[in-house]
Amino acid sequence: GVDSICRTLVQAPQWKGDDDDKSGSNTVLTILELCKTNCGAIGAVAAIKCGALEKLRLFGNRMGSPGIIAAAPLLRGGHPSLVELDMGGNDAKEEAVENLLREILAIDIDNSFDSTLRVLEIGGNEIGESVELALKDLKAVHPELDVARDKPKGNDSHHAWQEV
């Protein structure tokens, strides 16, 4: 299925173009739309590993918490090529979403790169106080990162999300 296609993309050498292509430039996949494909955690992880992707949409794959947790370590410190990542609509629990945000916030001493991640979609997953606190921490370190999410339910004036 989709997960095997993603694994193939990660392992495939760059295509050199037609023999008629005189420019000598490589064609590289930069946008991958995997919304509602049931790619699962395996497909999501394989796609995130694609080094040249700039935009990855994984919306609505029902990956749940296991899928978000599997992808999170690959996003430690951000990402070296992804500019936009849509992890929304996957019904993940709050703890998994918080873990994802904390991984992006973390610094990976083994991989030295400047993160290109500028848009992260997490709506359609469970958002609560711990996620809002992680978002506040993330915004302090990565002010350039725009995180799209659902508004928390309720209007209690003591919730941390109102301070973000």
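Predicted model: local features only at pLDDT ≥ 70, side-chain atom pairs only at ≥ 80, totals over all residues.
Residues are numbered from 1 along each chain as its sequence is written, and side-chain values use heavy atoms, with hydrogens and water left out.

**Overall fold**

- The chain has five helices and five strands; these are DSSP runs numbered from the N terminus, with helices being H or I of at least four residues and strands E of at least two.
- Along the sequence, they follow the pattern α-β-α-β-α-β-α-β-α-β.
- Of the 164 residues of the chain, 41% count as buried; buried means under 20% relative accessible area, exposed means over 50%, and partly exposed lies in between (1.4 Å probe, protein chains only).
- Among the contacts in the chain with a separation of 6 or more, 79% are between residues 24 or more positions apart, where contact means heavy atoms within 4.5 Å.

**Helix H3 and its cover**

- Helix H3 spans residues 64–71, and its residues Gly64, Ser65, Gly67, Ile68 and Ala71 are buried.
- Seen down the axis of H3, these buried residues fall within an arc of 165°, so they line one face of the helix; the arc is that of the directions from the helix axis to the C-beta atoms.
- Helix H2 (40–48) and H4 are included in what covers the buried residues of H3.

- Ser115 sits in the loop between helix H4 (94–105) and strand E4 (119–121), and is buried at a relative accessible area of 16%.
- Leaving aside residues up to four places away in sequence, Ser115 touches Gly77, Gly78 and His79.
- The side chain of Ser115 reaches the backbone nitrogen of His79 at 3.1 Å.
- Searching the whole structure turns up one cavity of 30 Å³ or more; on a 1 Å grid over the protein atoms alone, a cavity is a set of points where a 1.4 Å probe fits but cannot get out, and lining residues have an atom within 4 Å of a point.
- The largest cavity has a volume of about 40 Å³, a volume being the space filled by probe spheres set on the grid points, which are joined across faces, edges and corners.
- Ser115 is one of the residues lining the largest cavity, together with Gly78, Ile104, Leu117, His142, Glu144 and Leu145.
- That lining divides into three nonpolar, three polar and one charged residue; Ala, Val, Leu, Ile, Met, Phe, Trp, Tyr, Cys and Pro count as nonpolar, Asp, Glu, Lys and Arg as charged, and the others, Gly among them, as polar.

**Glu132 in helix H5**

- Glu132 belongs to helix H5 (residues 129–141) and is buried, with a relative accessible area of 0%.
- The side chains of Glu132 and Arg149 are joined by a polar contact of 3.0 Å; such a contact is a pair of N or O atoms within 3.5 Å, and within protein one must be able to donate a hydrogen and the other to accept it, while residues adjacent in sequence count only if both atoms are side-chain atoms.
- Glu132 and Lys151 are 19 residues apart along the chain, and their C-alpha atoms are separated by 10.0 Å.

**Positive phi in two loops**

- Asn38, in the loop between strand E1 (31–33) and H2, has a phi near 55°, a positive value in a residue other than glycine.
- Asn38 is partly exposed, at a relative accessible area of 48%.
- Asp91 lies in the loop between strand E3 (84–86) and H4, and its phi is near 55°, again positive in a residue other than glycine.
- With 54% relative accessibility, Asp91 counts as exposed.

Conventions:
1 Å grid on protein atoms, 1.4 Å probe; cavity = no way out; pocket = protein on both sides within 12 Å on 5 of 7 lines; lining within 4 Å.
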